[in-house]
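This report covers side-chain contacts and the packing of secondary structure elements. The sequence and model come first, the notes after.

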Amino acid sequence: MPVVVLAGFLGSGKTTLLNHLLHRSGGSRIGAIVNDFGAIEIDALAVAGALGDSTVSLGNGCLCCAVDASELDIYLERLARPAAGIDVIVIEASGLAEPEELVRMLLASEHPGIVYGGLVEVVDAAEFDDTRVKHPEIDRHLSLADLVVVNKLDRAADAPRVLGLVRSLTDRAAVVPATYGRIDPEFLFDCRPNEERVGQLTFDDLHEPDHAHDHGDHDGDGHADHLHDAYDSLSHASDVPLDPRRLMAFLDSRPEGLYRIKGYVDFGAHDPRNRYAVHAVGRFLRFYPEPWADGDVRLTQLVLIGTGLDMAALGKELEACADGDAPHADERGMWGVLRYVQEPEREPGSASGAEHETGREDELETGSQPDPGLDY
């Protein structure tokens, strides 16, 4: 289950964005740790205004100061348990919180059912210059973000300049313009369809009317936005296995603006027993090996989502990752992939399986993972 950190200074529009996600999440259920004080379960189809009545107090102060990683795990457990039926968790941080500390706590989490879903920094475009004067630390926050939402762009006197300035302060993050906090939920998590569906929801589903338009939510401006217009997507499917070294080179050099990668990879002879689910958000990357079932059609299926991308070029780069007709697997070829596989808990005295281990320390030190201690 992805856990998304939603940060931004006071008045940037975090709560507006969260309410928008609640109304636009389709059949998905969102759990939230919100306003720095409470953990709540939210039915995504319910009225967002019910949020405050369901808050459970965590105490005083910002979340990053009030609890530690072990305490946060307690609240994540409440939301991540199967009985809750939650699909994604959003942490709405205080306007004065330190996003770096929240990311640290998530990466230090020992809960096996959650995965880091990215740091989303919300910026008030109309007040951005003044905010930088009052809170110069915003430059550092932007450099940490995986996705930056430049909100209230319609109120900014010089919107193109603000967008360019924000982009110059990020480190390869996707930068998305927005008004009224309207970003497409599919950019952050997979929306569960209301009807039964075989297979994953793809980005193409956003072009269906129920996903693509803001029906009835015009905020007085008399028009409905096409939410997917700000995003680029690429769907890649191939029955030719990928070479792990080539894929890792592609992932290590993924371009600015590529926010999410999801899907499954077939590494062919490099691991004939498993397919690998891949989850990348910003610079965070993780693989999950899953045994092939009898009768499975062995395919690589990937969806890339971002903004300002040359999708044709990315498609060619993915095609170049094909393993071709290599008859034998390089015994060290999978090492780069296995660095991003989280080893399951072992019983004391069991085999170490060191060749598959990554550990938290390795996760924080790799170039494709968030590094809260230095650049992240």
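## Arg 283 and Asp 171

Arg 283 and Asp 171 are joined by a salt bridge, 3.1 Å from N to O; the term covers a side-chain nitrogen of Lys or Arg within 4 Å of a carboxyl oxygen of Asp or Glu. The two residues are 112 positions apart and link distant parts of the chain: Arg 283 lies in the loop between β10 (274-281) and β11 (284-291), Asp 171 in the loop between α7 (159-169) and β7 (174-177). Helices (H or I, at least four residues) and strands (E, at least two) are DSSP runs, numbered from the N terminus. Arg 283 is buried at 8% relative accessibility, whereas Asp 171 is partly exposed at 31%. Here buried stands for under 20% relative accessible area, exposed for over 50% and partly exposed for the range in between (1.4 Å probe, protein chains only).

The model is predicted: local features need pLDDT of at least 70 and side-chain atom pairs count only at pLDDT 80 or more, while totals for chains, interfaces and linings use all residues. Residues are numbered from 1 along each chain as its sequence is written, and side-chain values use heavy atoms, with hydrogens and water left out.

## Other salt bridges

The count of salt bridges is 11. One of them pairs Arg 140 with Glu 98, with the closest N and O atoms 3.1 Å apart. This pair also links distant parts of the chain, 42 residues apart: Arg 140 belongs to helix α6 (residues 138-144), and Glu 98 to the loop between β4 (88-92) and α4 (99-107). Arg 140 is partly exposed at 34%, and Glu 98 is partly exposed at 25%.

Among the buried residues of α4 are Glu 100, Leu 102 and Met 105.

## The five-stranded sheet

Five strands form an open sheet in the order β8-β12-β9-β10-β11, with antiparallel pairing; strands pair if DSSP finds at least two bridges between them. β8 (232-238) and β11 are the edge strands, each pairing on one side only. Eight bridges join β10 to β11.

Arg 275 has Glu 290 in β11 as its bridge partner. Their side chains also meet in a salt bridge, at 3.2 Å from N to O. The charged end of Arg 275 sits over the ring of Tyr 264, 3.7 Å from its centre; this term requires NZ of Lys or CZ of Arg within 6 Å of the ring centre and within 35 degrees of the ring normal.

## Aromatic pairs

There are five aromatic pairs in the structure. Rings of Phe, Tyr and Trp (its six-membered ring) pair if their centres lie within 6.5 Å; planes under 30 degrees apart count as stacked, over 60 as edge-to-face and the rest as tilted. Tyr 116 and Phe 284 have ring centres 5.4 Å apart and planes at 70 degrees, so they are edge-to-face. Tyr 116 in strand β5 (residues 115-124) and Phe 284 in strand β11 are 168 residues apart. Tyr 116 is buried at 3%, and Phe 284 is buried at 1%.

Phe 267, Tyr 276 and Phe 287 make up one aromatic cluster.
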